Amino acid sequence: MPAMTEISDDVLRQWLLQRLPDAEAARLEAQLMQDDSLLDRLRDAETDLLDDAARGRLSTAEAQALREHRLADPAQRERLRAARAFARLREDPSGAADEGIGPERPSPAARQASTLCESATARRRPRGALVLAAAAGIIVAIAASVLWLVPAPVAPNAGIATYALLASTSRGNGPATLRIPAAGSAVRLQVEVADSARRYQLFIETGARRQSVAADLQPRESRAYAYIEATVAAGLLTPGRHRLLLVASNGGGEPEQVWDLQVGER
Amino acid sequence: MSLDTASGTGAFDALLQRLGADGDPARAYERLRERLLALFRVYLPAESEALADVVLERLARRAGEGVVIEDVRAYALGIARLVLQEARLRASRRREAEADPTLQPDPDAGAEQEEAERALHGLHVCLSLLDAASRRLILDYYGADGGARIRLRQQLAQAHGSSLNALRNRALRLRARIEECLRARLDPARKP
């Protein structure tokens, strides 16, 4: 029997997300077969993981791993749905607060950080990113199961639809598609970037023609996320199919991220 | 228990006999199955039940064949690793064959919002079915984030005069009850 070793909650989380080196995972497998308490701790770690996902507290990499490795399971998605309800209850003054619940209620800053995106025209927002986006009248049109796991950085400014684009989780599967329902209006983009120390440029590519949206964009940081923000002029959003490219200014012109962009009906 | 009949009653009996060497064979069998389920829930949660059963079938077959198994759990882990390898290979082939998931139709934001509202309402109802102390416990236990989470749970355990393990077990049971209640309210047609 292998020696029982103390295992931290974070190690269990990384195991659940399949982010541990093989040797360490093998050690945990062996310990799981012998150690009764590890069964319960693992279940607890899974619940905490889902709670943190529902509260928007996972890093981009963790959110991606959760989606890839765990949310294919309908039971996990059901558990996440419950976790999201718990997260809303925790922040809902008509629920948890009335019962004196929650020893560490999130600060206003933490609540702001947990939002995905919203416009200044949004009324008091319900919790949960997709819900929030819908309430704000914003259409967010890339892979939703990624979006609502990862907080967008800040609340954008008034009067303009804002789209949060997260670092792609699908390099092997081709770009995700951002759909903008109608041409003729400018939109604001908040785009997660890998390196807050670099400058970035955004392009729209239509066929072989590449047009600059904005250049020399300096990333801002919010908690674990770095992002750039740019407004896409209405004139660039002509109906039809385009590509949106994120390029690091000193990256040799190679796009760091690419999204398909559909303006208007397909 | 869900051993395939093809593995035979004799094989199953042989496994139980081997498991019972140190006590109650039925309990040892269930515990072994729990461990296998937990293992597969880490790697392929959607298939955990089926894969655990495959391991138990193969294990029983070996026991029925008279294979000398000194440490049943370690032997089961060896089989489980092979079964996991096979399942991952199948999953990888499936993924290659599937369409790009990022290009699936957009979610219906209105429906998402409606479901979130229903889930919150359902959670209120399910919590109201608990006694006040249990309701308070589950909301406190799962109330904190990050590093505060561990500290809070230790404080809660002290306040309840119990160990952290005992408190965890109680919270896990309550959470499972609430999630089952919520599932029943949101998907009434689905059996647990």
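**Close-up views of a two-chain predicted model**

**View 1. Helix α1 of chain A is mostly covered.** Six of the eight residues in this helix (residues 9-16) are buried. The model is predicted. The buried residues are A:V11, A:L12, A:R13, A:Q14, A:W15 and A:L16. Within chain A, they pack against α2, α3 (36-54) and α4 (60-69). From chain B, α2 and α7 also pack against them. Just after the helix, A:Q18 takes a positive phi of about 60°.

**View 2. Helix α2 of chain A packs against helix α2 of chain B.** The chain A helix spans residues 22-32, and the chain B helix spans residues 25-43. Their axes lie 10 Å apart, at an angle of about 155°. Angles over 145 degrees count as roughly antiparallel, so α2(A) and α2(B) are roughly antiparallel to each other. Their crossing is right-handed. On the α2(A) side, A:A25, A:E29 and A:L32 make the contact. They meet B:R35, B:A38, B:L39 and B:Y43 in α2(B). By class, this contact has five nonpolar, no polar and two charged residues. An α-helix has 3.6 residues a turn, so residues three or four places apart point the same way.

**View 3. B:D145 sits in a loop of chain B and contacts chain A**. The loop runs between α6 (132-141) and α7 (146-160) of chain B. B:D145 has 13% relative accessibility. Buried means under 20%, so B:D145 counts as buried. Its side chain makes a polar contact with the side chain of A:R55, at 2.4 Å. Leaving aside neighbours within four places in sequence, B:D145 is in contact with A:D52, A:R55, A:R57 and A:R90.

Methods: Residues numbered from 1 in each chain as written. Chains lettered and ligands numbered in written order. Predicted model: local features only at pLDDT ≥ 70, side-chain atom pairs only at ≥ 80, totals over all residues. Heavy atoms only, no water. Helix = DSSP H or I, 4+ residues; strand = E, 2+ residues; numbered from the N terminus. Buried < 20%, exposed > 50% of the residue type's maximum accessible area, 1.4 Å probe, protein only. Polar contact = N/O pair within 3.5 Å; in protein donor to acceptor, adjacent residues only side chain to side chain. Contact = heavy atoms within 4.5 Å. Axes fitted to C-alpha atoms, helices over the stretch in contact; angles between N-to-C directions. Parallel < 35°, antiparallel > 145°, perpendicular 65-115°, else oblique. Left-handed = near helix turned anticlockwise from the far one by under 90°. Nonpolar A, V, L, I, M, F, W, Y, C, P; charged D, E, K, R; others polar.
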